[in-house]
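Reader: I have the coordinates open. Can you walk me through them in short answers?

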Amino acid sequence: MKNSIAAAVKESKAYLCLECGKCTGICPISRFNHGYSPRILVNKAIRSGNLDLLKDKNIWACLTCKLCDERCPAGIDYINLTLATRLEAQKIGEEAICSHGGAAQSLMRIMATPNLEQKRMDWIDNELKITQSGEVLYFVGCLPYFDVLFSDIEVNTLKAAKASIKILNHLGITPVVLSQERCCGHDLLWGGDLENFKKLAEYNINEIKKSGAKKIIFSCPEGYRTFKIDYPKYFECDFKVQHITEVISEAISNNTLKFKNFDKVVTFQDPCRLGRHLGIYDEPRNAITAVPDLKFIEMVRSRKRAICCGVSAWMNCTTYSKSIQLARLKEAKETEAELLVLSCPKCEIHFNCAMKDEKAGKQAKIETIQLVTLIADLVKE
Amino acid sequence: MDNQTFEPKIVAFCCNWCSYPAADGAGVSRLQYPTNIRIVRVMCGGRVTPSFVLKAFELVQMGVLVATCHFEDCHYMFGARKAADVHKITERLTEMIGIEKERLKLDWISSAEATKFAKVSKEFVETVRKLGPSPIKKQNLDVLTKSGLNEK
């Protein structure tokens, strides 16, 4: 146990810590929860790597939004240190406090069972063209489950999936959609459950190989990150992965997508997984600014400095999360934009949930839309 | 395991004010009902969120029964209605993930209806017995290790 934390310290270069506290200064959690400090956790990891660190409830509070990594003058890879710590903590029986009573985690663990007959394709209507085997695959993720689980806050994350397939069809691609696709395992991995993550990963990789797909397209940034960074760590997989915004941006530069006019002011929320984790900042902006008449305004903190939506991996949804969400929504409202464009289903769920709060007030009420939905609605036939 | 010798494991969430006393009454009046049912007492049926039911299925329970008050005599006025609303969400989730919808049942049993409790339990156990082991049961039991619970 001691050795693996020591190895993680070495790998993440945590020993370079200058104790400047800039990570704590910029951390969105620390801003509201004064008991949480990334600096102290780094310190604990360096000093001993013992139970003191693993038993600390704060290791589960981190959003892994990577804001501290961007700010750190010593270049410490804090989120990977957090991940390694969580994997260790899980081994000694420590667990995160799961939001929604752990319903999302239960769904994922049930999905880790082989030979499950899921009925998750109801949302595909006649307008959408899909196949069972082919070169390009569209990975839906857990969206059908989210829409049912969060039906009380009236989110419709599947709209983004429909829009993505619509855009792909428009570009002449008929994507494969797997009827027995599983969760990518992102949330289990970040919750420290490596065992079930591996099962899900293995199942997905096998299933995709069977379909003969070489390229996978995502609309969910978390799935994208997991396939791009985490799967190759544990398994051999040589798929080409792409986010839907990259596809749109490419199509725009080839002049294959033309848009109708859209006379509105919009702003954009960078998801932590898409932005800081994978460095995709320009593609979504290319897509938004390609729409004629649309006025695009950046928020005060955008791109590398964007604030995350307050919860990750369905863990530790607290009053601090709500404060982060409301602060971010107010920031969006201050740009005087009419629409907040999102590109992650979880941002959609979290922001809409925060807006339902009675205390949220008018300053934090802003209409949200997924980037792909916006683009698909505006595409000229 | 063939269906002759197979004994289903069922968890029942009973509300404190109606269904739990009904189960109690069934015991007091010596009504026979199958031992396959394990009762978990909750203060209100409305408290049984999808997470309770999904956790039960994750831990390879083969059926889940949610028993609450009748709408009119719910102790908390709206609890039974809430239970019915939440049940719709849970039903959709369990069906989507591939668990037969017959494995999940919502029923309304008042504290005076001990006979109804015995009858509902018997019927439900028979339904689940016909369905056989849960689709999760048929496979590995590794999911169990998560909560430190083990099956013998």
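Predicted model: local features only at pLDDT ≥ 70, side-chain atom pairs only at ≥ 80, totals over all residues.

Reader: What share of the 152 residues of chain B counts as buried?

Author: A residue is buried if 20 or more other C-beta atoms lie within 10 Å of its own. Applied to the 152 residues of chain B, that criterion gives 48%.

Reader: Take contacts in chain B with a separation of 6 or more. What part comes from residues 24 or more positions apart?

Author: Two residues are in contact if their C-beta atoms lie within 7 Å. For chain B, count the contacts with a separation of 6 or more; the part from residues 24 or more positions apart is 80%.

Reader: Against which elements do the buried residues of α1(B) pack?

Author: Helix α1 of chain B spans residues 19–28. Its buried residues are B:Ser19, B:Tyr20, B:Pro21, B:Ala22, B:Ala23 and B:Ala26. They pack against β1 (10–15), β2 (37–42), β3 (63–68) and α4 (114–131) of chain B.

Reader: Which residue just after α1(B) takes a positive phi?

Author: Look just past the end of α1(B). The phi there is about 55°, and the residue is B:Arg30.

Reader: Which helix gives the most to the side of chain B that touches chain A?

Author: The contact takes 20 residues from chain B and 23 residues from chain A. On the chain B side, α2 (50–58) and α3 (79–96) each supply at least two residues. The most, seven residues, come from α2(B).

Reader: How many nonpolar, polar and charged residues are on that side of chain B?

Author: Sort the side of chain B that touches chain A by class. The charged residues number five and the polar ones four. The nonpolar residues number eleven.

Reader: Now chain A. Is α14(A) parallel or oblique to α16(A)?

Author: The axes of α14 (residues 244–253) and α16 (residues 282–289) of chain A come within 8 Å and cross at roughly 50°. Angles under 35 degrees count as roughly parallel, and 65 to 115 as roughly perpendicular. The angle between α14(A) and α16(A) therefore makes them oblique.

Reader: Which residues of α16(A) make the contact with α14(A)?

Author: α14(A) passes α16(A) in a left-handed crossing. From α14(A) come A:Thr245, A:Glu246, A:Ile248, A:Ser249 and A:Ile252. By class, the contact has four nonpolar, three polar and two charged residues. From α16(A) come A:Glu283, A:Pro284, A:Asn286 and A:Ala287.

Reader: Why does A:Lys304 count as partly exposed?

Author: A:Lys304 is in the loop between β5 (295–296) and α17 (319–334) of chain A. Buried takes 20 or more C-beta neighbours within 10 Å, and exposed takes 12 or fewer. A:Lys304 has 14 inside 10 Å, so the class is partly exposed.

Reader: With which residues is A:Lys304 in contact, leaving aside neighbours within four places in sequence?

Author: Sequence neighbours within four places are set aside. What remains for A:Lys304 is A:Glu70 and A:Arg276.

Reader: Which helix gives the most to the side of domain 1 of chain A that touches domain 3?

Author: Chain A is divided into domain 1 (2–91), domain 2 (99–248) and domain 3 (257–378). The centres of domains 1 and 3 are separated by 27 Å. Eleven residues of domain 1 are in contact with twelve residues of domain 3. On the domain 1 side, the most, three residues, come from helix α3 (residues 28–32) of chain A.

Key:
Residues numbered from 1 in each chain as written. Chains lettered and ligands numbered in written order. Helix = DSSP H or I, 4+ residues; strand = E, 2+ residues; numbered from the N terminus. Nonpolar A, V, L, I, M, F, W, Y, C, P; charged D, E, K, R; others polar. Axes fitted to C-alpha atoms, helices over the stretch in contact; angles between N-to-C directions. Parallel < 35°, antiparallel > 145°, perpendicular 65-115°, else oblique. Left-handed = near helix turned anticlockwise from the far one by under 90°. Domains from an automatic or database assignment.
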